[in-house]
Amino acid sequence: MKLPLKGAIDCDLHPGMPSMADLTPYLDPFWRDQFENRHIDRMGFVLTSYPPNSPLTGRPDWRTPQGQPGGGLDMIRTKALDPFDTRFAICNVLHGAIALFNEDMSAAVCSAVNNWTAKELLDQEPRLRASILVPAHNPELAVKEIERVAADKRFVQILLPVMGDMLLGRRIYWPVYEAAEKHGLAVGVHAGSTYRWAPTPSGWPAHRTEDYVVQSAAFEGQVVSFLAEGVFQKFPKLRLVLLESGITWLPSLIWRTSKEWRGIRSEVPWIDRSPLEIIHEHVRLTLQPLDVPKDEPDIVARTLEHIGSDRMLLFSTDYPHWQFDGEDALPDGIPEGMLQNLLIDNALETYPRLRAGADSGDTGGRNKETVP
Amino acid sequence: MNVTVREARAAQKLSFIDGDIHPAFRQISDLYPFLPARWREHMQTYGEHIRQGLTGQLAYPRMMASGMRADAFPEQGPPGSDLELMRKQHLDANGVETGMLVALSKGGMEERNLDFAAALSRGVNDWQIEHWVEPEPRLRAGIVVPQEDAAFAASEIERRAPDRRFVQVIFSPRATDPIGHRRYWPIYEAAERNNLPIGLHSAGFSGGHPSTPSGWPTYYMQEHYSFFTAMQTVVTSLIFEGVFERFPKLKVVPIEGGFTWAPALGWRMDKHWERMRSEIPHVKRPPSEYLRENFWFTTQPIEEPAKPEHLAEIIGWLGWDRLIFSSDYPHWDFDHPRHAFKFHLTDEQKAAVFRGNAKAVYGL
């Protein structure tokens, strides 16, 4: 169904990827020189997880005339913002920089992407917000980038890939969460892999379709990692947002971890209450791709009941990924009383920086302190 | 919705079939009579060569008694090594009509030396018959094979299949490649030809890949959880590699891998199959149809939603004909047939889960 309310907050939107030529002006002289000499500036930085021509990566009517998914600002406005009466949309620029092994080079490109995002997107369109791209494989550099960008309140989240070097609950990443909590940033974990490890515990699948299907298992592993390591006890204000994760696997995880905790809690004594409660409080999931059968409103309604909370889901179009057709961004079967939460209120609760903007009547752009 | 929480009194009224019982060696020398001298000496000199940092112990220590029921220790040897105690404590006490042996240890599934793996496989299969199935006709054996040597595995299946006391083929779902890969197809060909289901019991590390796609977890809580995500990727691989197009009669039984994830996985696979069909034209039908026709799931460790009726809804989506009750005796997270289900099952549902489905799958 179409959105029944105006002013929705789209929590997962992917602008067309900047080329290296677009990013070069945002690199410092050392890296500009390196990139030119080594021809790195001619490389595409396309993540293996999202080949541009794959049907999933771009809905046919959400591609440029040249076939690129997403496109620039004009397309974002006419295809992704206007049709849904979107008040705010969070841009997740999932750039290939995160897959570079050289941590300093990765950090340099991430910085360039963030600067490009601020200048070319946020400065131009007041409805847009963004996530901070960081080199997660070096938490020290990641924190440095967060500290650099955080002054710009239009950045509302830290962006991490669901499959990276290590499980994200591990203590080595805690400085990132400390910075997130300090600055009121959510931690967004997005589908996709840097392929440091095989996508399955039995190795490398043959097909991209498999890689995409088994992402939900990767999200499960991350939620359990955050839980088991006690991240939410250490950082009680932290919000973990799962981006492009699907949602129907969640009840099984809640039931399993809540049961396991009863038998295993002496191993993880910092888990001071049922995982059910912790997950309800701290974990959020974006709506698309909605993994339910078409025209089964009862399954949608029952699954939401199994999840057991109307505070967890955040509206998303996942533009330009091909998750639904036309403007039917919502499935049938969502209880009417849940729509306001799903479309608006849950995002405001999850993202303190959005809330601050909304409370002050800001539609963006005016309270900016641009990235240095 | 109010549903009265009741015990499923299945075991009081009908004897049941147990889909997962673990036999153990009293000591490793129990296996020696079934190994050629060359490999007996190899075992004594070198031991197993596995893809893990610790040998002879678990790198994720279990929560109690090495993962065993504290009351299941016989006077000598580990739990599961004494047939008399197994009879007294489980087979007789709980009314087991037929029990499926799943021999997890020393069967070669995790061994890197494939010649040694083949010798272990034969040895463990002989041991199951002589030590367990011969003296206790309620028990059935599984043909344990090293999946990484598919040619040997197929030959071992052919060798054992005429002995109908072997009712399934068992190997590790945590292989070195996703098990839908063609290198494993000789196993499926032999299994389908002999009408033997493939039993895939959750395992820890066999192929050496970490148990999550983001590396190894820290705690046993996470490692245990990964049984259920690993099993989802196994189902996905078998379906998307086209195994059931090539072997349409193949039956697969994930054991101790959970099942409440299965309906959602079916929806997720269908959604992406529809979008990505040009990549996988060999998958002719919506993936959920293979899930519905070629897979059966054992119940233990059963999920326990705060509202038991939610579990009933999940099983309704999955199909009551897909579940096989299992206890996991003598492991610490044993499910009791009278207490596992926290909601009322109809007589038909009980008959299916505790008996009928297993009879159909295993041809009992």
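This is a predicted model: local features need pLDDT of at least 70, side-chain atom pairs count only at pLDDT 80 or more; totals for chains, interfaces and linings use all residues.

Reader: How many bridges join β4 to β5 in chain B?

Author: Three bridges, between β4 (residues 166-171) and β5 (residues 198-201) of chain B, and the two strands run parallel. Phe171(B) in particular stands opposite Leu200(B) in β5(B).

Reader: Switching to chain A. What's the strand order in the sheet there?

Author: It's an open sheet of eight strands, β1-β2-β3-β4-β5-β6-β7-β8 of chain A, again with parallel pairing. The edges are β1 and β8 (313-314) of chain A, each pairing on one side only.

Reader: Is β2(A) mostly covered or exposed?

Author: Mostly covered: six of its six residues are buried.

Reader: What does β2(A) pair with, then?

Author: β1(A) pairs with β2(A) in the parallel sense over four bridges, and three bridges join β2(A) to β3 (residues 128-133) of chain A, also parallel. If you want landmarks, Ala8(A) stands opposite Thr86(A) in β2(A), while Ile90(A) is opposite Arg129(A) in β3(A).

Reader: How many bridges between β4 and β5 of chain A?

Author: Six, joining residues 155-163 of β4 to residues 186-193 of β5 in chain A, and these strands run parallel. There, Leu160(A) faces Val189(A) in β5(A).

Reader: Now α3(A). Which of its residues are buried?

Author: Met75(A), Ile76(A), Ala80(A) and Leu81(A), in a helix that covers residues 73-81. Looking down the axis of α3(A), they fall within an arc of 150 degrees, so they line one face of the helix.

Reader: What do those buried residues pack against?

Author: β1 (8-13) and β2 (86-91) of chain A.

Reader: And which exposed residues sit on the face turned away?

Author: Asp74(A) and Thr78(A).

Reader: Ok, last topic, the contact between the chains. How many residues does it take from each?

Author: 57 residues from chain B and 57 residues from chain A. On the chain B side, α7, α9 (262-275) and α11 (308-318) each supply at least two residues. The largest share of that side, 15 residues, comes from α7(B).

Reader: What's the side of chain B made of, by class?

Author: 25 nonpolar, 20 polar and twelve charged residues.

Reader: Which helix of chain A packs with α7 of chain B, and at what angle?

Author: Helix α8 (residues 215-229) of chain A packs with α7 (residues 220-240) of chain B at an angle of about 170 degrees, their axes 10 Å apart. That angle makes α8(A) roughly antiparallel to α7(B).

Reader: Which residues make that contact?

Author: From α8(A), they include Ala217(A), Gly221(A) and Val224(A), and from α7(B), they include Met221(B), Tyr225(B) and Thr229(B). By class, the contact of α8(A) with α7(B) has five nonpolar, seven polar and one charged residues.

Technical notes. Residues are numbered from 1 along each chain as its sequence is written. Chains are lettered from A and ligands numbered from 1 in the order in which they are written. Axes are lines fitted to C-alpha atoms, for helices over the stretch in contact, and angles run from 0 to 180 degrees between N-to-C directions. Angles under 35 degrees count as roughly parallel, over 145 as roughly antiparallel, 65 to 115 as roughly perpendicular and the rest as oblique. Two residues are in contact if their C-beta atoms, placed from the backbone, lie within 7 Å. Ala, Val, Leu, Ile, Met, Phe, Trp, Tyr, Cys and Pro count as nonpolar, Asp, Glu, Lys and Arg as charged, and the others, Gly among them, as polar. Two strands pair if DSSP finds at least two bridges between them. A residue is buried if 20 or more other C-beta atoms lie within 10 Å of its own, exposed if 12 or fewer, and partly exposed in between; C-beta atoms are placed from the backbone. The arc is that of the directions from the helix axis to the C-beta atoms.
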